[in-house]
Number of protein chains: 2
Amino acid sequence: MADSRAIGVFDSGFGGLTVLSAMRQVMPHESMVYLGDTARVPYGTKSAQTVVNYALSNAAALLNHGPLKMLVVACNTVSSVALPALQAALSIPVVGVITPGAQAVFANKASSIAVLATTGTVTSNAYEISLREMGFAGTVVSKACPLFVPLVEEGMVTGDIAKAIAEHYLGDIPRTVDAIILGCTHYPLLLPTLQTVFNTPVQWIDSGKMTAHFVKKELRKQELLAGQFNVPNYHYLVSDAPDKFEQLSAFYFGEPVEKGNVELVDIKSSTEQVKI
Amino acid sequence: MADSRAIGVFDSGFGGLTVLSAMRQVMPHESMVYLGDTARVPYGTKSAQTVVNYALSNAAALLNHGPLKMLVVACNTVSSVALPALQAALSIPVVGVITPGAQAVFANKASSIAVLATTGTVTSNAYEISLREMGFAGTVVSKACPLFVPLVEEGMVTGDIAKAIAEHYLGDIPRTVDAIILGCTHYPLLLPTLQTVFNTPVQWIDSGKMTAHFVKKELRKQELLAGQFNVPNYHYLVSDAPDKFEQLSAFYFGEPVEKGNVELVDIKSSTEQVKI
């Protein structure tokens, strides 16, 4: 049975476009609706309760836009703290980025890993919890890197400042780790700088890319894949500054979003209108 | 006539505590209620319309807490774009930080100035507009410094990274300017680093400090000052993470806030309850 309903994807802002980009490559026949909560970005420095509230209102805004077959949380901070609340509130499957990232580490038989993430994700300890549930018995070092998101949002992903900040955060990561999880959707854009600064061979795990493959597997398992002749639609919702979204999408997404497909939504009103 | 009602002060988050601190020093008998919108911080990167909406809901939340004799907007971004909307909506006087900062420059007879501020404040051109209205005929150079806020929020106000970022933003500010306006409440905490990097004698104008004196003058003019035996109360409202506010206040404020005086508020519900 082919299911042509869209996949809903949301993030605190622009970072999740790296996940959407990977999803579009892996699933070229799937329609997708992306919501960036640009009015309340960033989430990584905010409390778990506030992030849960924001996640529920984002899900409501997406469902308000049209029927969805699956919700993908393209934000590590939300995936770390709000997945149970979203799964309890929604009748469609909800997938986050933590499990796919942790599975990649486990499958690669790493024995000592580092997690680079926002303060919210590090505080939640979500990657270690997920890895331990899979039976991972190795070492986990976590490092909150709060300046990486503003750095990427300024487009300063290379150069002396990016290097100095990367050195600051990577300085005390043991060079003996087998793998480093990029535990925030913004971080893959810093990868060349991180590799230069770390200067030691290691597996770099992009949770977003892993999530794209995970989503495809889940859709197949649940018989929710679109048909191979389906012509996909892409639509973008933002809670602030649609112009900026159109301008910056090329940087995050690898290509500019389709003109005129970006729509401003009032997330608060959506919550009032929709029962999720 | 002595008026013991509190002054309301709001900011997008913690930065406005530098203004509150100056106000408490200049007006030791005045009660003050401070609101930090920590759930939606930062404002400097968001659209003018969203900042206006946030400002109106913050004012409603403050008035919901109790009667106020004046509202002080301790945030340059809000002062730049939302003052007319606030003044139209409220029956009490509303004071921002732009006019006091511009007045200080004008009074000091500077002929060439630079403004360091958030993207929102720079885009609004508010300092230049205010200066021109006063009759300022000199040169104004504006520079958006979007990484300064996250840097200060990480407590990294000195050191190599702070210096590298300051060099990045101050590099093309002509060394011939007479004055530099610190056009964001976070920036005074970076002053020693900015002075080292700029390495040229110049007047540094702290809009927050100027605002404290301006508020006192306005209260006197409007006969709203508290009596000199008034024992002031201080109360703090935040939209997220009251614990973090208690911890960080010493850094921003020079001293920790009074224990137990920090209250979590739901700004959205306040807007629904209160007609402003």
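User: How much space lies in the second largest cavity?
Analyst: This is a predicted model: local features need pLDDT of at least 70, side-chain atom pairs count only at pLDDT 80 or more, and totals for chains, interfaces and linings use all residues; side-chain values use heavy atoms, leaving out hydrogens and water. A cavity is a set of points, on a 1 Å grid over the protein atoms alone, where a 1.4 Å probe fits but cannot get out. Grid points are joined across faces, edges and corners, and the volume is the space filled by probe spheres set on the points. For the second largest cavity that space is about 40 Å³.

User: Which helix gives the most to the lining of the second largest cavity?
Analyst: Residues are numbered from 1 along each chain as its sequence is written, while chains are lettered from A and ligands numbered from 1 in the order in which they are written. Lining residues have an atom within 4 Å of a point, and here they are Val115(B), Thr121(B), Val122(B), Asn125(B), Ala126(B), Tyr127(B), Glu128(B) and Ser142(B). Helices (H or I, at least four residues) and strands (E, at least two) are DSSP runs, numbered from the N terminus. With three residues, the top contributor is α7(B).

User: How many nonpolar residues does the lining of the largest cavity have?
Analyst: Ala, Val, Leu, Ile, Met, Phe, Trp, Tyr, Cys and Pro count as nonpolar, Asp, Glu, Lys and Arg as charged, and the others, Gly among them, as polar. The lining has three polar residues and one charged residue. Its nonpolar residues number six.

User: What rotation superposes chain A on chain B?
Analyst: The shift along the axis is 0.0 Å and the RMSD is 0.0 Å. This is the relation of a two-fold axis. The rotation is 180°.

User: Which residue of chain A has the C-alpha nearest the axis?
Analyst: The axis is the two-fold one. The C-alpha in question is 2.5 Å from it. The residue is Arg40(A).

User: Why do the copies meet through the same surface?
Analyst: Contact means heavy atoms within 4.5 Å. It takes 26 residues from chain A and 26 residues from chain B. The copies meet through the same surface because the share of chain A's interface residues that are also interface residues in chain B is 100%.

User: What area is buried between chain A and chain B?
Analyst: Buried area is the accessible area (1.4 Å probe) that two parts lose on being put together, summed over both. In chain A, Leu147(A), Ile161(A) and Asp240(A) lose the most, together 24% of what that side buries. Carbon and sulfur atoms give 61% of the total. That total is about 1,900 Å².

User: How much space lies in the second largest pocket?
Analyst: A pocket is an open set of points with protein on both sides within 12 Å along at least five of seven lines. In this one, 37 residues form the lining, and those closest to the centre are Arg40(A), Lys268(A), Arg40(B), Tyr54(B) and Lys268(B). The lining divides into 13 nonpolar, 14 polar and ten charged residues. The space is about 960 Å³.

User: Which peptide bond of chain A is cis?
Analyst: Most peptide bonds are trans. In chain A, look in the loop between β2 (32–36) and α2, where Pro42(A) lies. With omega near 0°, the cis bond runs from Val41(A) to Pro42(A).

User: Is Lys109(A) buried or exposed?
Analyst: Lys109(A) has a positive phi of about 55° although it is not a glycine. It sits in the loop between α5 (98–107) and β5 (112–117) of chain A. Buried means under 20% relative accessible area, exposed over 50%, and partly exposed in between (1.4 Å probe, protein chains only). At 72%, Lys109(A) is exposed.

Notes:
Least-squares fit on C-alpha atoms with pLDDT ≥ 70 in both.
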